Amino acid sequence: MKKHLHTGRTAKLAYRCSLLVLPGFLRCRKAALGASTNSLAKKCEQKVRKGMVIKMNYFKEISPEAIRKNTFQLIGKEWMLITAGDENKANAMTASWGGLGVMYGKNVAFIVVRPQRYTKEFLDREETFSLNFFEKEYKDVLKYMGSVSGRDEDKITKSGLTLEYSDHTPYFNEARNILICKKLFKQTLQGEALLDERLVKTWYPNKDYHDLYIAEITKTLQITRPLS
């Protein structure tokens with residue numbers, strides 16, 4: 001029997017929610033969010049302030065091979081949120097570069113992160129991270145999460161997304177699919193290793209080469225249905 005997962009929220013949510021209805025865990029997010037000059041942030045805040053009733057989602061654990069989406073579509077077109085940290089502090093960034101495959105006899109994910117990204121501090125500190133994939137209605141949220149730094153504002157709160165944890169690894173309850181990953185390899189890309197010099201000119205004019213991470217996919221979660 002496949003295991004269904006639902007991680008309940010604690011009192012930590014009190015500062016983010018103005019309504020918690022039981023039974024059913026129906027939540028209306030009306031967080032007191034600060035004003036932002038970023039238009040994408042405003043879009044996210046408006047959606048939160050509309051008083052949408054959000055249902056906590058159930059997830060089931062599946063094998064990575066059971067993900068039906070084409071990887072080029074999943075990452076390159078729909079994007080993902082790389083999320084790292086712990087219960088005290090977490091951060092996330094949008095990514096459209098990366099891949100899924102097999103390495104060292106394991107199902108793995110490949111991600112690349114530039115040195116200036118705030119999420120990288122969390123990635124380097126923790127052994128695990130999550131990759132979160134969403135339905136298309138979250139596109140504006142992903143745009144916002146990729147354009148604002150968590151150093152400058154509490155973008156997770158402003159996005160309206162809900163952090164959950166799987167064995168201390170943060171992920172988002174609103175995601176459709178979640179990959180929990182354990183780091184196996186990390187290396188900074190080198191300009192001299194790029195055989196096409198146009199790649200350096202196009203993507204690294206400031207020599208801020210990505211760090212490449214290869215991580216074992218230790219758990220794959222798929223949404224089944226919201227709680228009713």
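Reader: What share of the contacts between residues at least 6 apart in sequence join residues at least 24 apart?
Author: 74% of them do, where contact means heavy atoms within 4.5 Å. This is a predicted model in which local features need pLDDT of at least 70, side-chain atom pairs count only at pLDDT 80 or more, and totals for chains, interfaces and linings use all residues. Residues are numbered from 1 along each chain as its sequence is written, and side-chain values use heavy atoms, with hydrogens and water left out.

Reader: How many helices and strands are in the protein?
Author: Six helices and 14 strands, taken as DSSP runs numbered from the N terminus (helices H or I, at least four residues; strands E, at least two).

Reader: Where is Y104?
Author: Y104 sits in the loop between β8 (99-103) and β9 (106-113).

Reader: And where is D167?
Author: In the loop between β11 (163-166) and β12 (169-172).

Reader: Is D167 buried or exposed?
Author: D167 counts as exposed because its relative accessible area is 65%; buried means under 20%, exposed over 50%, and partly exposed in between (1.4 Å probe, protein chains only). Y104 has 49%, so it is partly exposed.

Reader: Switching topic, what share of the 228 residues is buried?
Author: Buried residues make up 46%.
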